[in-house]
Every structure is written in structure tokens, then in C-alpha cells.
Amino acid sequence: FKPQAILYEGPGVAGYVSTWHDACEEVRELTLAYDQVFAGLKNDRELVMFLGGKAKQYKLDNPKTSWADIQRNIEQRILQDTLSNYAKIRSNYPRTEIANAIIHMVLGTPGHRAAADKIIDDLIEKGTAVDGVTGEKGLSGYGTIGPTSIANLLAQFDIIDPRWMETVLRKHPRLHECYRFHVDTWCLNHYYPTCGDAGSFGSRVDNYAGVTFLRLEDRLPTIFAGGPLAPSMYTFMYRMHKLTGDPAFAQIVYLANGRSVEGLPHDLFVKEPESIQKEIAAVVEREGATPKLGSVNKQEWHLAILRSGRGDHARAVWLDYDSSGGHRHQDGLNLGLYAYGLDLMPDFGYPPVQFGGWGSPRAVWYTSTAAHNTVVVDGKNQLVDNGRTILWGDGQTFRAIKAAEPGAYKIPVYERTVASIDIPDRDFYAVDVFRVRGGKDHAKFLGSHFSTITTQGLDLQPGAEYGHGSQLRNMRIDAKADPGWSVDFKVEDLHKYLSKPADIHLRHTDLTADAQAGVAEAWVVAGLYDSKEEQWVPRIMTRRTS
């Protein structure tokens, strides 16, 4: 692949017939297929005659006149060659490690089994090191590769040895956190905070993202790690419930099955599915259909979620307080809000590489600091940095987080305090205090959903564009805005997520003194990287310079 192919916009890189990340999955699938048919092949004389004839016809080095010749050809030229050439299948963690572990297990000698055990132990330790997950950003995208991959691996071995998962959980207790992580960070049963490369502007994620649930009729050979003989994730999450006693895992199975126990666990290897159905139904009867979640602060992953309200009035205010990790954006102290069924302060999501590749202005814009609901210092993007929690409070009607990340700009103060306050019974407001000291230009940006805006208390005049690579247009400025000015975003449900039309507004009241206010339009795409539906959405700026 490397000398012959084109990858994205440039020359090919390491791989076999396909590029490295595809080759990683292909060699794993070839290994499993070889293992599945091995017992039948070793006594297949017609196969030996056929391959031996081809070897003679094409004058191959390996004559293939016996099963031993064919076995050696497969195990040395494919399996062992892969183990010896890590770069050819180097993929997103831990996909390469899983492929190598499966190769070792299939080769099956004591030395290979020991190597597989070490790989599995190491990848679980690393894969659960950051609040139970890998720390990869893209919460509903790249951030799921670790837990979904480990789940498939654990479930594969659980079919072989039903005691294996219990042993592994005792050895690696953080596996419980691993599969709680995407329970705790799922907001309103429809959203994951869009930190890093994941999702699209204002879009929902309607399923638990820690594993990939597929029914038997949906498990096609072409589905990544989900063919007809792949382990059932319904069974895996049920097993996690049984081994940990955590009812959330049983509730997730129920939700993933369309709020039903019918047909569970969609698994060819389960002999008595009815008993699993009864147990899941009993948990739902006792605990309710959805996990009971409060506010959470994942301090290693650097994400806080302030939750309140119930049902149609559930809401979640979230703060992402780092600018590090794989597939990161430069988004330290980025603020988000879900309420009334919608994402009212969306992150832009996965970069729109369809507009010229990863280095194009539109793709770079999505990852930039100015594209997030945070403060830009001196027009620059943030450095790679981790923040820390200074204050955390989760009460009955008042919840708060304060986090600091001065290393994002190497300045004395860069910190944000956010509080969510309930107004009984169904409404709420948030207080947001952003403190910055250092640099000469502080520009705080904030945007809402697809919307139109009206302003109050501002005398807006055409102004200079913000620049610095931002994709903003039609900037209007009030150079001496009095504290107390406000902007009302009238939200448009462009994706038609709501069951009926609703009059939803987000109101921002700004109390910053000695600052200018700006209103502009920001470029976004109404979809993922398969869409070219361009939109311009309102965006506001509070700016102080010296």
C-alpha cells in the first residue's frame, strides 16, 4: 500500500493491501476465520491438491504439497509477519494490540499464550487508566474505540471460558468504571458532550456509546467487529450487570433493545435467553427504565456535568477543562448546555474534511479555540494542557464547578466558575464567571443552536472582522457596551428532534464591565463529513483589550 496508494490528500503510508487502520482489522478477521475453519482444513486433501497445483503452476517457493506446507505459509507469511511488522497495522488504540493478542491466541503455543495474556493485561490497564477509559477525545467517536474494543475482546473469551470475565474483573476492577463512563456522561439519553473529533453541530447520540449493540439480523459480515459470529454486546452488558451488581448496565440493555426485553440477548451462544429477559425485566421494574444519574466530575478526563430537572425539563450544563488528548480540539474551559430536548450551546463537532482536507481553513476552524464557547487570549489557539478542579458542589437546587487551566496560555489566571440554579419547578439559569489575567486581548465567544437573535442594550455598528483564521462574517460591534446587555437566541429545531414544535429560547445576559460586545455569524455544516449543507449561525463576542 505504501508505495502504490494515495491516502486522503497525500501518498500512502504503511499497510498491507489496505492502509494501516484497515489492514489491522483485515488481519484480525483473517486470523479469526483461519481459526474457525482450521479443524476442517487440516484433513482437506482436495485443498492440498488445488493449492499444490497452483504453487507448481506459478513456481512458488512453497510447494504446498501437504497441509503442513499450507499451515506454515499462513502462520508465517500472514500471522507471524504481522507480529513482526507493527507499523503495518498500527491503528487507533487498542485495535493493534487486540489484533496481535488474537494472533498469539490462535497460534496457541505456550509462548504465544503468555504473550497474549500480557498484551491483554497491558491494554486493559492502559485502556482504563483515565476515569476508566483511554482518555482519547471525541466522546461519542474516537473516545469509544477503547471501551467498545475491550468489550468485544472480553466477550470473545467469555464464550470460550465463562469464568474468564470474572477473573479479569477481579484483576482489573477499573473495568466497572470503563462501562460506567458512557453511562455517567450520557445527557438526557440523547447527547454526549462533543469534546474533540466527534459528532456534528447540534446532533444527537440516541444510544449508549460504550459498546455497539447489534441484533442478529443487523450483524452483517461487513460490519466492523460485528459479524454474525461476533459476541453479542447485549450479553456482555448483562454479564457486567451480573458481575458488578450495577443496575445501570441492565437498564442500558433494556434501552438499547427499544425499551423491551423481547428477543434479548440476540446471541446464538446463549442457551436460555428467557432467564436473561426475566432478570432484565425485574431490574427495570425495581429501578426504572433509565439509570439514576446526578452531577458528575470526571477529573482525570477533565469533564464536569451539572444535572438537574426531570423528564421533558431535564437539563445538563457541562464544562470541558482541558485541551489535550488524542483527537483533541483547542477547547479548554469550553461550556455546553442541553435543555428542552436540544443542544443549546453546541460544539461544532468533527472537522469538515470534505472542504479540502484536514489542513483546510474550514477544518482547522472547527478545532480552533475561537470556535468554542470559551475565551481566546491574544487571538491564539490554546496550548496542549490539562486543567484542574478548584471547586465542586452538587446540591438540591444549586450545583457548581470551578476549574483552572492557566497552562493553556501560560498566563497567571485562566479559570471558569459555572453554577446551575433551579427555579422551581421547571426552569433554571446558569451563572458563568470567567477570569483571565495575562495577555493583551481577551475575546470570549458564545453560540447557540441553529437560531435567530435579537439584542437588547447594544448599539451595534459594522466593525472589523475578528480574523485569526476564524470563519466569522458580518461582525457588528458596540465598542462601549454597558454591563447588562443581552442577546436572545430563538432556536430552530433544524434536525426535527422534537416531537412537536416548541418555542425555545436561550437568553444570554452579559455583566462584563469595560468591554466591547460583538455579534457575528459563524460558519458550520449541518451534518457530518458526508454533508455539504453549509449554514451561518449567530455567535456573540465579549472582548476586552489593553
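Hi everyone, let's start at T128, which, apart from neighbours within four places in sequence, is in contact (heavy atoms within 4.5 Å) with V133, R174, L175 and C178. T128 sits in the loop between α5 (110-127) and α6 (145-160); helices here are DSSP runs of H or I with at least four residues, strands are runs of E with at least two, and both are numbered from the N terminus. With a relative accessible area of 3%, T128 is buried, meaning under 20%, where exposed is over 50% and partly exposed is in between, using a 1.4 Å probe and protein chains only.

A quick word on the basis: this is a predicted model, where local features need pLDDT of at least 70 and side-chain atom pairs count only at pLDDT 80 or more, while totals for chains, interfaces and linings use all residues. Residues are numbered from 1 along each chain as its sequence is written, and side-chain values use heavy atoms, leaving out hydrogens and water.

Now, the rings. How many aromatic pairs does the structure hold? There are 21 aromatic pairs; rings of Phe, Tyr and Trp (its six-membered ring) pair if their centres lie within 6.5 Å, with planes under 30 degrees apart called stacked, over 60 edge-to-face, and the rest tilted. Y191 and Y338 are a stacked example, 4.7 Å centre to centre with 15° between the planes. Y191 is in the loop between α8 (175-184) and α9 (233-244), and Y338 in strand β6 (residues 334-339), so this pair ties together parts 147 residues apart in sequence. Y191 is buried at 1% relative accessibility, and Y338 is buried at 0%.

Then take Y414 and F434, an edge-to-face pair at 5.2 Å centre to centre and 65° between the planes. Y414 belongs to strand β11 (residues 413-423) and F434 to strand β12 (residues 427-437), so here the parts tied together are 20 residues apart in sequence. Both Y414 and F434 are buried. Have a look, too, at the cluster that ring pairs make of F201, F348, F355, W365, Y366, F450 and W523.

Finally, some helix packing. α9 and helix α11 (residues 273-287) pack at about 65°, their axes 12 Å apart; axes are lines fitted to C-alpha atoms, for helices over the stretch in contact, and angles run from 0 to 180 degrees between N-to-C directions. On the α9 side we have Y238, H241 and K242, meeting I276, E279, I280 and V283 in α11. By class, that contact has four nonpolar, one polar and two charged residues, counting Ala, Val, Leu, Ile, Met, Phe, Trp, Tyr, Cys and Pro as nonpolar, Asp, Glu, Lys and Arg as charged, and the others, Gly among them, as polar.
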